Amino acid sequence: MGKGIAGNDLYNRVMTKVFDLALLSVLTLVFSVPVITAGAAFTALYAMMMKMRKNEEGAILKGYVKEFKENLKPSIAGWIVLLAGFAILAADLVILRDLPGENGAVVYGVTVTILALYMTFVSWYLCVRARFVETFSSAAATALRFMAAFLPVSITCSLWLILLFTVVIKVPMSMMLVPVFGAACLCYPQAVMIGGKIDRYIEEREATAPMAVLEDPETLEPGDVSELVQYSKAYRDEHPDGGVKRYFYVKFDSEKRKISGLHGKERLSYLFTYYKGIPIAIVSMIVLAVLWFSGEKTAAGADFSIALVNTYGGDTDGLEQVVSSAIGGTVLVDNGYQIPYTIGEETIQSDVATLSDYDRFFLNIRTGNLDAAIVPESFFNYTCGIGGALRDVREVIDRERLAAYMEFLVWAEDEELGLGAYGIVLPGSGLREQISEGFVADNRGERAVLIFPAGVGSDEQCALLTELLME
């Protein structure tokens, strides 16, 4: 009986915490709709989450609104500056994404790392604003000092950001959870780690605060320690920067003296023992970003992109060269789409099919990152059933060739566009044999259909690709 009650109590606490985090995420999203108020919205979010860390949050809605109102006016100017920095780094990523080769991947990886560190700095800044009363410049300086002093925590936060965004990009379905849990997933782990370090700083400062921050001891009676401590707390809350400077100066000076007193192997051994995690973590961040980018040849970096759905792996490099010579520009052929789907009551899939490939395919179609695709005929029928995804191939084929290709056109009823020839069957010879050894598993033996997503790709390149594949 006791265990059951304890189990129910744990479940209730967990579910309450999940609900509170979801509510905070939704509130942050709503209060961030006017972009200039997003700084105050996230400051209020961090303030509430740092209180949740110690179970001091109280009424979530009332507490969040109170924090938001208190931080609204003071945070706008600083938030605009921070937003500009983020926009510059994000623009750099868009530009660097198109750089070719491994060098491009390294530069892109370093930029991703810098962006992650910048976002971690913003998190420190927002936590400082949530905990102390400071101007933008003093809060930014304090955040940098905290970030440097607790570098392992800062790097962990950056790695968390890279991991989180990688999951969102690789698993598009996770975007459905962003409105409800996005802000919570992004900020709560950081609030726990950063809040813990700020509380540690405050606790350590309280032991020495009276002598360190009191500007006018004569205002108090000698020996009145309790009132002295209260005065120092109030002064630190209003003017924390001086206390932070002194706190970190003492810590850095002490560490510097300790290291300078060591020589040779002793110094190397000390640095390796206490600081090895920092360079390892930074290198890991860069390597993670480089590997992710170099292994992810993106359609956005090509002039024309082609998806091969549910095929065996073929010579895509050779095919890219052939197609590029025929239609011009940079061509990307991606045979990594192994997609499960259902026709009627039959589920079509292979051992390697994943829902993430399904999400990636249709996301790339909707966002214009795919210009063409070669798919099994049953998958073509499935796509037409979704509606509005494909264009009529007659739009890209000239009249003379259209007459020759008429028998290869595949007609279907699109739920949005009506009846049309939304695909063309490829002959089983010529370049078609270079694409792959055929379709896998349940798609084996089906006819290959060339399709063009609606509103994507130039008519000329689509026509040249059709001619090439129909030879």
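Two strands pair if DSSP finds at least two bridges between them. Helices (H or I, at least four residues) and strands (E, at least two) are DSSP runs, numbered from the N terminus. Keep both rules in hand for this tour.

The model is predicted: local features need pLDDT of at least 70, side-chain atom pairs count only at pLDDT 80 or more, and totals for chains, interfaces and linings use all residues. Residues are numbered from 1 along each chain as its sequence is written, and side-chain values use heavy atoms, with hydrogens and water left out.

**Whole chain**

Show the protein chain as a cartoon. Its secondary structure comes to 17 helices and 8 strands. Of its 471 residues, 46% count as buried. Buried means under 20% relative accessible area, exposed over 50%, partly exposed in between (1.4 Å probe, protein chains only). Accessible areas come from the Shrake-Rupley method with a 1.4 Å probe; for residues, only the protein chains shown count as cover. Contact means heavy atoms within 4.5 Å. Among contacts between residues at least 6 apart in sequence, 73% join residues at least 24 apart.

**Stop 1**

Select residues 372–376, strand β5. Here 5 of 5 residues are buried. L308 stands opposite I374 of β5.

β5 and β8 pair in the antiparallel sense over 4 bridges. I374 stands opposite L450 in β8, and A373 has I451 of β8 as its bridge partner.

Then bring in β7 (residues 418–425). It runs antiparallel to β8, joined by 2 bridges. I424 has L450 in β8 as its bridge partner.

Which residues cover the two faces of β8? A448 and L450 lie on one side, V449 and I451 on the other, and all are buried.

**Stop 2: helix α5 and what follows**

Select residues 136–149, helix α5. At 1.5 Å a residue, its 14 residues should span 20 Å; the end C-alpha atoms are 20 Å apart, which agrees. The expected span is 1.5 Å times one less than the number of residues. Colour the buried residues of α5: S138, A139, A140, T142, A143, F146 and M147. An α-helix has 3.6 residues a turn, so residues three or four places apart point the same way.

Step on to F150, in the loop between α5 and α6 (151–170). F150 is buried, with a relative accessible area of 7%. Draw a distance to I198. F150 and I198 are 48 residues apart in sequence and 9.9 Å apart in space, C-alpha to C-alpha.

**Stop 3**

Select T43, in helix α2 (residues 38–53). Is T43 buried or exposed? T43 is buried, with a relative accessible area of 2%. Leaving aside residues up to four places away in sequence, T43 touches N71, L126, R129 and A130.

Move to V14, in helix α1 (residues 2–31). V14 is partly exposed, at 43% relative accessible area. L10, Y11, V14, M15 and V18 make a nonpolar surface patch of about 450 Å². Patches are made of residues with over 30% relative accessible area and no salt bridge: like charges are joined within 9 Å, nonpolar side chains (Val, Leu, Ile, Met, Phe, Trp, Tyr) within 5 Å.

**Stop 4: salt bridges**

A salt bridge is a side-chain nitrogen of Lys or Arg within 4 Å of a carboxyl oxygen of Asp or Glu. By this rule the count comes to 11 salt bridges.

K54 is partly exposed at 34% relative accessibility, whereas D199 is buried at 10%.

Now select R447 and E377. Their salt bridge is 2.8 Å, N to O. R447 lies in the loop between α16 (432–435) and β8, E377 in helix α14 (residues 377–386), 70 residues apart. R447 is partly exposed, at 44% relative accessible area.

Finish at R391 and D459, whose side chains meet in a salt bridge (2.7 Å, N to O). R391 is in the loop between α14 and α15 (399–405), D459 in helix α17 (residues 459–470), 68 residues apart. R391 is buried at 10% relative accessible area; D459 is partly exposed at 40%.
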